[in-house]
Amino acid sequence: YFMNWVVSRFTLDPHIYYTVLAAFCATVVLIAIMLLRAFAPVAVMWLTYMLTAYVEGFNLLRQSPALALAVLGIALVLRERYRLGLVVGGAGLLFHNS
């Protein structure tokens, strides 16, 4: 809701909101991939995301942000940042249930 409020301060065009939301999701996934560099090359992981999970990007309002936050939560848990991983994963769960 915060992102919706911020975008609405500048424009009411839904396409701008979708662009900002897609950029947010891509940034979250890229951060997760950077945290997981030890497991595979960044380019391979990004292409894997694009070929498997990008389809969720067509449903930007719920599944895509939830999936991006879930991937980041998993990356944080694998990097032994358990609390932050649970918070981020929980945020993804709440985002999906909205």
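In which helix of the protein is confidence lowest, and in which is confidence highest? The model is predicted. Mean confidence is lowest in helix H3 (residues 42-52), at 80. Confidence is highest in H4, at a mean of 89. Across the protein, pLDDT averages 84. A score of at least 70 is reached by 87% of the residues. Where pLDDT is low, the predicted coordinates should not be read in detail.

The secondary structure consists of 5 helices and 0 strands. Along the sequence, the pattern reads α-α-α-α-α. The protein has 98 residues, of which 28% count as buried. Contacts between residues at least 6 apart in sequence were also examined. Of these, 51% join residues at least 24 apart.

The pairing of H2 with H4 was examined next. Two packed helices are described by the angle between their axes and the distance between the axes. Helix H2 spans residues 14-35, and helix H4 spans residues 63-78. Their axes come within 8 Å. The crossing angle is roughly 20 degrees. Angles under 35 degrees count as roughly parallel, so H2 and H4 are roughly parallel to each other. The crossing of H2 and H4 is left-handed. From H2, the contact is made by Leu21, Phe24, Cys25, Val28, Val29, Ile31, Ala32 and Leu35. From H4, the contact is made by Ser64, Pro65, Ala68, Leu69, Val71, Leu72, Ala75 and Leu76. By class, the residues of this contact comprise 15 nonpolar and 1 polar. No charged residue takes part in the contact of H2 with H4.

Alanine 22 also lies in helix H2. Its relative accessibility is 32%, so alanine 22 counts as partly exposed. The C-alpha atoms of alanine 22 and proline 65 are separated by 8.3 Å. Along the chain, these two residues are 43 residues apart. Proline 65 is one of the H4 residues that make the contact with H2.

Arginine 62 is found in the loop between H3 and H4. With a relative accessible area of 34%, arginine 62 is partly exposed. The C-alpha atoms of arginine 62 and glycine 92 are separated by 9.1 Å. The two residues are 30 residues apart along the chain.

Alanine 43 has its place in helix H3, the helix in which confidence is lowest. Alanine 43 has a relative accessible area of 53% and is exposed. Between the C-alpha atoms of alanine 43 and isoleucine 33, the separation is 9.2 Å. Along the chain, alanine 43 and isoleucine 33 are 10 residues apart.

The loop between H4 and helix H5 (82-96) holds glutamate 80. Glutamate 80 is not a glycine, yet its phi is positive, at about 65 degrees. Residues over 50% relative accessible area count as exposed. At 60% relative accessibility, glutamate 80 is therefore exposed.

Terms used: Residues numbered from 1 in each chain as written. Predicted model: local features only at pLDDT ≥ 70, side-chain atom pairs only at ≥ 80, totals over all residues. Heavy atoms only, no water. Axes fitted to C-alpha atoms, helices over the stretch in contact; angles between N-to-C directions. Helix = DSSP H or I, 4+ residues; strand = E, 2+ residues; numbered from the N terminus. Parallel < 35°, antiparallel > 145°, perpendicular 65-115°, else oblique. Left-handed = near helix turned anticlockwise from the far one by under 90°. Contact = heavy atoms within 4.5 Å. Nonpolar A, V, L, I, M, F, W, Y, C, P; charged D, E, K, R; others polar. pLDDT = per-residue confidence, 0-100. Buried < 20%, exposed > 50% of the residue type's maximum accessible area, 1.4 Å probe, protein only.
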